[in-house]
Amino acid sequence: HKIHGQTVVTYHWGQSGPVVLLVHGWSGRGTQLGSFVKPLLEAGFRVLSFDGPAHGDSSGKQTNLYEFANVILALKDYYGPFDAAITHSFGGPCLTMAIKNGLNTSRVVSIAPPSKMEGLVHQFAMALAIPKQAEKDLIRRIENEFGTQVWEEISMLTSVRDLNMPALVIHDEDDVDIPWQDGEIVAHAWNHAMFIKTSKLGHRRILRDPSTIEATVDFIKAGLH
């Protein structure tokens, strides 16, 4: 699809039933949540996923949370409405910003979400062993482009405080990319959210964990059947 001048690659499974949207994380791709597809189809859902801007086979060399959220909103016009959504990592705040900007959905499952984006910038800097000064420069560049209110605006905590749909947050205590406490903080800020803490799965293996998948599908089924 051409969306806001970019080519966005989508993946869909199933012929009928309510639509569940899968939203991958930073540096991920649409097929990353592929383990959820078969159980969702068997439960009577259709599934839609996509490669975010500058991710996977979609076009672009760089992107940001606002662009990601706008793509989700645009996909609703092609495939929507989305009855539920499952997000991983950075996909969480992208989805909640899209909801804040007009996307309707009945249930959300957010796996390993960051509560604040400054934390992600810091993790990124640590992962690449970027010097402290370069990290400060990166933060300043982001603030110059989007304004100093950007951190509050894109924080998942800010978005979820106003949301009323039921949500499930799942986070692993051995996640070294985003600490599990972030997920718990997000769940507490959300009006109707449950929190599940897993162990020994880390940040990515959790997406293939049978009990995580089962809890996710059961939660979505409970609201839509």
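Select Glu42 first: this residue is exposed, with a relative accessible area of 60%. Exposed means over 50% relative accessible area, buried means under 20%, and partly exposed lies in between (1.4 Å probe, protein chains only). The model on the screen is predicted, so local features need pLDDT of at least 70 and side-chain atom pairs count only at pLDDT 80 or more, while totals for chains, interfaces and linings use all residues. Residues are numbered from 1 along each chain as its sequence is written, and side-chain values use heavy atoms, with hydrogens and water left out.

**Stop 1: a pair on helix α1**

A salt bridge is a side-chain nitrogen of Lys or Arg within 4 Å of a carboxyl oxygen of Asp or Glu. Side chains of opposite charge can pair when their charged atoms come close. Both Glu42 and Lys38 belong to helix α1 (residues 37-42), four residues apart, about one turn of the helix. Helices (H or I, at least four residues) and strands (E, at least two) are DSSP runs, numbered from the N terminus. An α-helix has 3.6 residues a turn, so residues three or four places apart point the same way.

**Stop 2: two pairs between separate parts**

By the rule given above, there are four salt bridges. Select Lys197 and Glu173 for another of them, at 3.7 Å, N to O. Lys197 is in strand β9 and Glu173 is in the loop between β8 and α8, so this pair ties together parts that are 24 residues apart in sequence. Lys197 is partly exposed at 40% relative accessibility, and Glu173 is partly exposed at 38%.

Next, select Arg204 and Asp177, whose side chains meet in a salt bridge of 3.3 Å, N to O. Arg204 lies in the loop between β9 and α9 and Asp177 in the loop between β8 and α8, so the pair ties together parts that are 27 residues apart in sequence. Arg204 is partly exposed, with a relative accessible area of 40%; Asp177 is also partly exposed, at 25%.

**Stop 3: the whole chain**

Now show the entire protein chain, which has nine helices and nine strands. Of its 225 residues, 49% are buried. The chain exposes about 10,400 Å², and carbon and sulfur atoms supply 51% of that area; the accessible areas come from the Shrake-Rupley method with a 1.4 Å probe, and for residues only the protein chains shown count as cover. Among contacts with a separation of 6 or more, 74% are between residues 24 or more positions apart. Contact means heavy atoms within 4.5 Å.

**Stop 4: the largest nonpolar core**

Select Leu21, Phe50, Ile72, Leu95, Leu103 and Trp190, which touch the most other members of the largest nonpolar core, a set of 33 residues. A nonpolar core is a set of buried Ala, Val, Leu, Ile, Met, Phe, Trp, Tyr and Cys residues joined through side-chain atoms within 4.5 Å. Helix α2 gives the most, with six residues. Centre the view on Ile72: apart from neighbours within four places in sequence, Ile72 contacts Leu21, Val23, Phe50, Phe82, Cys94, Leu95, Ala98 and Leu103. A second, separate core has 23 residues, including Leu40, Phe45, Leu168 and Ile170.

**Stop 5**

Select α3, a mostly covered helix in which nine of 10 residues are buried. Among the buried ones are Gly91, Pro93, Cys94, Leu95 and Met97. After α3 comes Gly102, with a positive phi near 120°.

Move to α8 (residues 180-189), where Trp180, Asp182, Gly183, Val186, Ala187 and Ala189 are buried. These buried residues pack against α7 (156-160), β8 (167-172) and β9 (193-198).

**Stop 6**

Select Phe219 in helix α9 (residues 210-224). Phe219 is buried, at 9% relative accessibility. Residues up to four places away in sequence aside, Phe219 touches Arg107, Val108, Val109, Pro166, Ala167, Leu168 and Met194. The C-alpha atoms of Phe219 and Ala167 are separated by 8.5 Å, although the two residues are 52 apart along the chain.

Finish at Thr10 in strand β3 (residues 10-13). Thr10 is buried, with a relative accessible area of 18%. Its side chain and that of Tyr79 are joined by a polar contact of 3.1 Å. A polar contact is a pair of N or O atoms within 3.5 Å; within protein, one must be able to donate a hydrogen and the other to accept it, and residues adjacent in sequence count only if both atoms are side-chain atoms.
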